[in-house]
Amino acid sequence: MVEVSSPLGNLRYVYSLSTGANLQRERSQMNEDLRGELLFGIPVCVLGDYNAIFDPVDASNEVGIKNFMVEFGDWIHSNELVEHPYAGPEFTWHNNSAATPIARKLDRCFVNASWLSHFVDSHVILMEPEM
């Protein structure tokens with residue numbers, strides 16, 4: 001987590017790059033760590049590879065609702081974050097399997113309302129997953 005101030009000192013914002021953990025308990029710890037760091041009232045941008053989805057539509061195959069999905073969604077909503085509008089592919093990861101292809105949207109950029117009002121021209125471009 002990085003807090004940045006403009007040279008004139010009239011704008012502060014928080015930027016965080018996150019890499020999701022593979023194990024549920026590690027994901028839970030990451031969510032708790034970030035929850036304590038987010039500041040309300042100043043622009044916040046949290047982006048990265050979360051290694052988790054929070055909605056079944058984030059998967060190319062049918063998946064049921066899992067505990068980590070609920071926890072991830074709760075973290076987003078409790079921190080008053082929204083996904084930044086973006087351009088790019090629907091899915092940012094795939095398993096490279098021709099026999100049983102699976103794709104997921106794991107890379108995301110979340111911001112708060114203050115970010116959107118201060119940085120109205122900000123944009124996010126998600127890249128195609130590597131083959």
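I shall begin with the overall picture, then turn to the cores, to one helix and to one residue in a loop.

Please bear in mind that this is a predicted model. The protein has 131 residues, of which 36% count as buried. Its secondary structure consists of 3 helices and 9 strands. Along the sequence, these elements follow the order β-β-α-β-α-β-β-β-β-β-α-β. Among contacts with a separation of 6 or more, 72% are between residues 24 or more positions apart. The accessible surface amounts to about 7900 Å², and carbon and sulfur atoms contribute 56% of that area.

Which residues form the largest nonpolar core? There are 9 of them: Val44, Val46, Tyr50, Ala52, Phe72, Trp75, Ile76, Leu81 and Phe110. Two elements, strand 3 (44-49) and helix 2 (67-78), each give two or more residues to this core. Helix 2 provides the largest share, with 3 residues. There is also a second, separate core of 6 residues, among them Cys45, Val111, Trp115 and Val124.

Which residues of helix 2 are buried? They are Met69, Phe72, Gly73, Trp75 and Ile76. Viewed down the helix axis, the buried residues of helix 2 fall within an arc of 155°, and therefore they line one face of the helix.

Finally, I would draw your attention to Asn112. Where is Asn112 found? It sits in the loop that runs between strand 8 (107-111) and helix 3 (113-118). Is Asn112 buried or exposed? Its relative accessible area is 7%, and because the cut-off for buried is under 20%, Asn112 counts as buried. A polar atom of the Asn112 side chain lies 3.0 Å from the backbone nitrogen of Val44. Val44, as we saw, is one of the residues of the largest nonpolar core.

Thank you for your attention.

Technical notes: Residues numbered from 1 in each chain as written. Predicted model: local features only at pLDDT ≥ 70, side-chain atom pairs only at ≥ 80, totals over all residues. Heavy atoms only, no water. Helix = DSSP H or I, 4+ residues; strand = E, 2+ residues; numbered from the N terminus. Buried < 20%, exposed > 50% of the residue type's maximum accessible area, 1.4 Å probe, protein only. Contact = heavy atoms within 4.5 Å. Areas by Shrake-Rupley, 256 points an atom, 1.4 Å probe, with all protein chains shown as cover. Polar contact = N/O pair within 3.5 Å; in protein donor to acceptor, adjacent residues only side chain to side chain. Core = buried A, V, L, I, M, F, W, Y, C linked by side-chain atoms within 4.5 Å. Arc of directions from axis to C-beta.
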